[in-house]
Amino acid sequence: MKYEIRGNDLPVLIIHLDKNETIITEKGAMSWMSDGVEMKTNAGKGFFSRAFSGESIFQNTFTGTKENDFVAISSSFPGEILAFNVENKPLIVQKRAFLAREETVDMKIHFQKKLGAGFFGGEGFIMQHFSGKGYVFLEIDGSLTEYNLKEKESLILDTGYLAAMEESVTMDIVTVKGLGNKLFGGEGIFNTKVTGPGKVWIQSMPISRLASLFGSNN
């Protein structure tokens, strides 16, 4: 499978399909496609995983019926589109980041094992887990920064800024230190802590953050 990502702030993913090659997307993801592509809508595998993780229950499959067919999927928010090959590198991702995946990529829910991370983390109890073989395409809010954490090396993030992490990375919630910082620092009471080993991807402008900024100006 071949793909290209075009554009800057509002990018578009164009997936080129060979004959009988299939890509799976969320319902309503397609922006345009060649006239030879065959589309089918169904619940498919992972029905309960998608329902719990906040994705649409139904999914679309797009299959090329001739050589050089293609499907274009546009971003819904200013940011970046990323392609990850999950072979031997399972990935844990924020809810609603999924755009498309190959048939050989498995998608299921990932439950946070620690109650604090679920209750107070902007990522919530449930994230998405991708494994198998092939590519998954994700939509990231704003710009992206990548860190490769060593064993027991940690980062502190404002809640909601974690876009994705490798399966080897652990996540927890920590409280902001100091009463004055909690009350007047504007950073809230809780932060997200991620600990290596493994890679983490951080987004610069979560939708939740943008909504709060607009709300504070009203």
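**Whole chain.** Remember throughout that this is a predicted model. Colour by secondary structure: the chain has four helices and 19 strands. Of its 218 residues, 44% count as buried.

**The largest nonpolar core.** Select Phe 84, Val 86, Leu 91, Val 93, Phe 130, Val 136 and Leu 138, and show their side chains. Within this core of 16 residues, these seven touch the most other members. Next, colour the strands β8 (79-85), β9 (91-93), β11 (105-111), β13 (135-141) and β16 (162-166), each of which supplies at least two residues of the core. The top contributor is β13, with three residues. A separate core of 13 residues lies apart from this one; Ile 15, Ile 23, Ile 73 and Phe 137 are among its members. In soluble globular proteins, nonpolar side chains tend to be buried together.

**Strand β13.** Stay on β13 and hide the side chains. Which strands run antiparallel to β13 and are joined to it by bridges? One is β8, with seven bridges to β13; Asn 85 has Tyr 135 of β13 as its bridge partner. Another is β10 (residues 98-102), joined to β13 by three bridges, and here Arg 101 is partnered with Val 136. Six of the seven residues of β13 are buried, so the strand is largely enclosed by the rest of the structure.

**Val 136.** Centre on Val 136 and display what surrounds it. Beyond four places in sequence, Val 136 touches Leu 82, Ala 83, Phe 84, Val 86, Phe 98, Ala 100, Arg 101, Val 105 and Phe 130.

**Val 200.** Now move to strand β19 (residues 198-203) and pick Val 200. Is Val 200 buried or exposed? Its relative accessible area is 0%, under the 20% cut-off, so Val 200 is buried. Leaving out neighbours within four places in sequence, its contacts include Thr 145, Glu 146, Tyr 147, Leu 149, Leu 155 and Leu 162. Ala 164, Met 165, Val 169 and Val 194 are also in contact with Val 200. Finally, draw a C-alpha to C-alpha distance from Val 200 to Val 93: they are 107 residues apart in sequence and 9.9 Å apart in space.

Technical notes: Residues numbered from 1 in each chain as written. Predicted model: local features only at pLDDT ≥ 70, side-chain atom pairs only at ≥ 80, totals over all residues. Heavy atoms only, no water. Buried < 20%, exposed > 50% of the residue type's maximum accessible area, 1.4 Å probe, protein only. Contact = heavy atoms within 4.5 Å. Core = buried A, V, L, I, M, F, W, Y, C linked by side-chain atoms within 4.5 Å. Pairing = 2+ DSSP bridges.
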